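Have a go at each task before you read its solution.

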Amino acid sequence: MPIIVNLDVMMAKRKVSLNELSEKVELTLSNLSILKTGKAKAVRFSTLEAICKALDCQPGDILEYLNEDKS
Amino acid sequence: LLLKLKLKTPFSIPVNNKLETISKLLLGIWILIAILLRTYSNNIVGPTGIALPDNYSGDEYIFVAGIVYIISKIFQRGIELQEENQLTV
């Protein structure tokens, strides 16, 4: 998938566990896991906002676009 | 079909498969009636014991088969949308 989710990288930088993050953003562990493992098909802006607020980062720190044509 | 239907996630593959089976079954019944009517057109008696009219062709079965088939196609689209919604965080 061209969009890569670097949530685990940002979580490691901020030293936040999955449980802590799920409590802060009010998302279930399973939904967070779906996002973290790149299985999510869509992300709501409200969720992205909550994650960025919790991890004190920008959306670009979590989401990355990889052009599969160029690679 | 009713036992497999869950209101929380109504669009599921088993339910869709059941609907497709029902639609094919109804189509098969219509074909069977058409064959029987051509073969035994004078001696067919309806479920009430009254002889069927000459112009009876069992078209209601193909009509209901078509409707159930359309519903199964709508269910298929519903499955896709439900899956996408479940993977939206």
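## Charges and a nonpolar patch

This is a predicted model.

**Exercise 1.** Find what B:E20 is in contact with, leaving aside its neighbours within four places in sequence.

*Solution.* Start in helix 1 of chain B, residues 13-39, where B:E20 is found. Beyond its sequence neighbours, B:E20 is in contact with B:S72, B:K73 and B:Q76. Next, look at charge: B:K73 is the nearest side chain of opposite charge, 4.0 Å away. B:E20 is buried, yet has no salt bridge.

**Exercise 2.** Which side chains meet in a salt bridge, and are they buried or partly exposed?

*Solution.* Begin with the idea that side chains of opposite charge can pair when their charged atoms come close. Searching the whole structure gives one salt bridge over all chains. The side chains that meet are those of B:E80 and B:R77, at 3.0 Å from N to O. Now place them: both lie in helix 2 of chain B, three residues apart, or about one turn of the helix. Finally, check accessibility. B:E80 has a relative accessible area of 44%, so B:E80 is partly exposed; B:R77, with 46%, is partly exposed too.

**Exercise 3.** Work out which elements give two or more residues to the nonpolar patch on the surface.

*Solution.* First list the members: B:L27, B:I31, B:I35, B:I62, B:F63, B:V64, B:I67 and B:I71, which together have about 650 Å² of accessible area. The elements giving two or more residues are helix 1 and helix 2 (59-86) of chain B. Helix 2 of chain B supplies the largest share, five residues. As a worked case, take B:I31 in helix 1 of chain B: its relative accessibility is 41%, so B:I31 counts as partly exposed.

How values were computed. Residues numbered from 1 in each chain as written. Chains lettered and ligands numbered in written order. Predicted model: local features only at pLDDT ≥ 70, side-chain atom pairs only at ≥ 80, totals over all residues. Heavy atoms only, no water. Helix = DSSP H or I, 4+ residues; strand = E, 2+ residues; numbered from the N terminus. Buried < 20%, exposed > 50% of the residue type's maximum accessible area, 1.4 Å probe, protein only. Lys, Arg positive; Asp, Glu negative; His and termini not counted. Contact = heavy atoms within 4.5 Å. Patch = residues over 30% accessible without salt bridge, like charges linked within 9 Å, V, L, I, M, F, W, Y side chains within 5 Å. Areas by Shrake-Rupley, 256 points an atom, 1.4 Å probe, with all protein chains shown as cover.
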